[in-house]
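Good morning, and thank you for making time for this presentation. Please keep the sequence and the structure in view while I speak.

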Amino acid sequence: MKTNVIIAGVCLLFTNIVTAETDGTIDAVSVGLISDANCTYHNIQNAINGGHDEIRIVDYNNRTFDENLEITNQSVELKGGFANCNAANNDNPLRLLTFIEGVNGTVLKVENDNNSYTFKMSNIVLFGGTENMFTPGGGFFITGSDTQATLENITISDNDGTGAIITDAASVLMKNINIKNNVNQTGEGGGIYCESSNVVVTGASVITGNQATENNTLQGIPAVGGRGGGVFATDACRFTYYSGPAHTNTGTSGIISNTAASDGGGIFAETGSKINLLGTEVQIGSETFGSGQYPINVVNNTSGGYGGGIYLTGAN
C-alpha cells in the first residue's frame with residue numbers, strides 16, 4: 001500500500017459530501033432546563049431516543065449537560081446555541097455554544113450500520129470524555145460505511161482520549177472546527193484518528209495542543225503507540241485540510257503545537273492513506289472550500305521520534 005501527500009493543487013476527492021434537504025416537515029424538538037416550560041425534553045439522550053429529525057439544545061449561560069450520548073442507526077441533527085426553548089422552537093439560534101461533558105466515557109458516539117444515514121451537529125462543545133477499552137475516543141466517535149456527517153462550529157477539547165475517532169464512515173465534513181488539548185494515552189492520534197474514512201476540514205479550523213502518548217497502561221493493559229499527535233491516518237483514510245482564516249477562539253488555523261511521543265507530531269499517515277493540504281479555493285457544487293489568501297499551517301509540532309510535522313510511511 002502507498003501513503004500519499006498532496007500539498008497545494010486541487011484534489012476533488014469529496015464530491016459525495018451532501019447537504020440534506022427537507023420538504024418543510026422537519027420533526028424538531030427542543031432540550032433545556034426543567035424550569036423552561038417551552039422545552040420538549042430536558043435530557044439530550046431522551047430526545048435522541050425519541051427518533052426526531054432535529055434536536056435543538058439550549059445554552060443557559062454556559063450550563064453544561066452531563067451526558068454520554070449514543071446514536072445508533074439513525075439520521076439526526078443536533079443544533080446547539082439557543083438562548084431558551086422558545087428560541088429553539090422557532091429555530092432562532094444566537095450562535096452560542098452548548099456544552100456537553102462526558103461522564104466516564106466517550107461524550108458522543110454515532111454507530112451506524114451499512115445503510116444510508118446523515119448526521120449533523122453544530123454549535124456544540126464536547127469535552128471531559130474518557131476513553132477506555134469499552135468506549136473508543138474521548139470526545140467523538142463515528143462509524144458507518146454509508147454515513148454522511150457534517151460538523152460545523154464544533155469544539156472537541158480536553159478529553160482523556162482521542163478528540164475524534166472516525167472509522168468506516170463514508171464522509172465527515174468539519175467546518176470551523178476547534179480540536180484542542182486532547183490527550184490519547186493509548187498512543188494513536190491525539191486530535192483525530194481516521195481509519196477507512198473520508199475527512200475534510202475547512203473554514204476557520206484548528207487542530208492544536210493535542211497529544212499522543214506512549215508506554216502507558218490503560219485499564220491495566222500496557223498500551224504502546226505515540227504516533228500522530230494532531231492526526232493519525234490509517235487503512236486508506238483520505239484526510240483533506242483546506243486553508244482558511246484563524247479560528248475565533250484560538251487566533252490560529254492549521255495543525256499547530258501537537259505532540260507525539262513517537263513519530264508524526266502533526267500528522268502520521270500509513271497503509272494507503274492520502275493526506276491533502278490545499279492552500280487554494282475549490283468549488284464543489286454549491287460549496288466553496290479553502291482560500292488562496294491563507295497558507296496551510298503545520299507548525300510547532302513535536303515528536304519523540306521522526307517527523308515533527310508530518311510522518312508518512314508505506315510502500316507498494
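I shall go through a sheet, the disulfides and the salt bridges in turn.

Please bear in mind throughout that this is a predicted model.

Let me begin with the sheet. In which order do the strands of the open sheet follow one another? The order of the four strands is β12-β16-β22-β28, and their pairing is parallel. The edges are taken by β12, residues 183–184, and β28, residues 302–303. Each of these two has a single partner strand, so one of its sides has no neighbour in the sheet. Now look at the end of the sheet where β28 stands. Strand β22, which covers residues 259–260, pairs with β28 in the parallel sense, and two bridges connect them. To find one of the residues involved, locate Thr 259; its bridge partner in β28 is Thr 302.

I turn next to the disulfides. How many disulfides does the structure hold? There are two. One of them is formed by Cys 39 and Cys 85, with 2.0 Å between the sulfur atoms. Where do these two cysteines lie? Cys 39 is found in the loop between β2 (28–31) and α1 (44–49), while Cys 85 belongs to helix α2, residues 85–89. The two parts are 46 residues apart in sequence, and therefore the pair ties together parts of the chain that are separated along it. The link is right-handed, with 95 degrees about the S-S bond. Are its two cysteines buried or exposed? Cys 39 has a relative accessible area of 10% and is buried. Cys 85 is also buried, at 0% relative accessibility.

The other disulfide joins Cys 194 to Cys 237, again with an S to S distance of 2.0 Å. Here Cys 194 sits in strand β13 (residues 192–195), and Cys 237 sits in the loop between β19 (231–234) and β20 (238–242). This pair links distant parts of the chain, 43 residues apart. With 105 degrees about the S-S bond, this link is right-handed. Both Cys 194 and Cys 237 are buried. If we number the bonded cysteines in sequence order, the pairing reads 1-2, 3-4.

The last topic is the salt bridges, of which the structure holds seven.

Glu 54 forms a salt bridge with Lys 79, and the closest N and O atoms are 3.6 Å apart. Glu 54 lies in strand β3 (residues 54–58) and Lys 79 in strand β6 (residues 76–82), 25 residues apart. Glu 54 is buried at 5% relative accessibility, and Lys 79 is buried at 14%.

Lys 109 forms a salt bridge with Glu 70, at 3.7 Å between the closest N and O atoms. This pair connects strand β8 (residues 108–111), which holds Lys 109, with strand β5 (residues 69–72), which holds Glu 70. Lys 109 is buried, with a relative accessible area of 10%, whereas Glu 70 is partly exposed, at 41%.

In the salt bridge of Glu 188 with Arg 227, the closest N and O atoms are 2.7 Å apart. Glu 188 is in the loop between β12 and β13, and Arg 227 is in the loop between β18 (221–223) and β19, so the pair ties together parts 39 residues apart in sequence. Glu 188 is buried, at 16%, while Arg 227 is partly exposed, at 23%.

Definitions and conventions: Residues numbered from 1 in each chain as written. Predicted model: local features only at pLDDT ≥ 70, side-chain atom pairs only at ≥ 80, totals over all residues. Heavy atoms only, no water. Pairing = 2+ DSSP bridges. Disulfide = S-S within 2.5 Å. Buried < 20%, exposed > 50% of the residue type's maximum accessible area, 1.4 Å probe, protein only. Salt bridge = Lys/Arg side-chain N within 4 Å of Asp/Glu carboxyl O.
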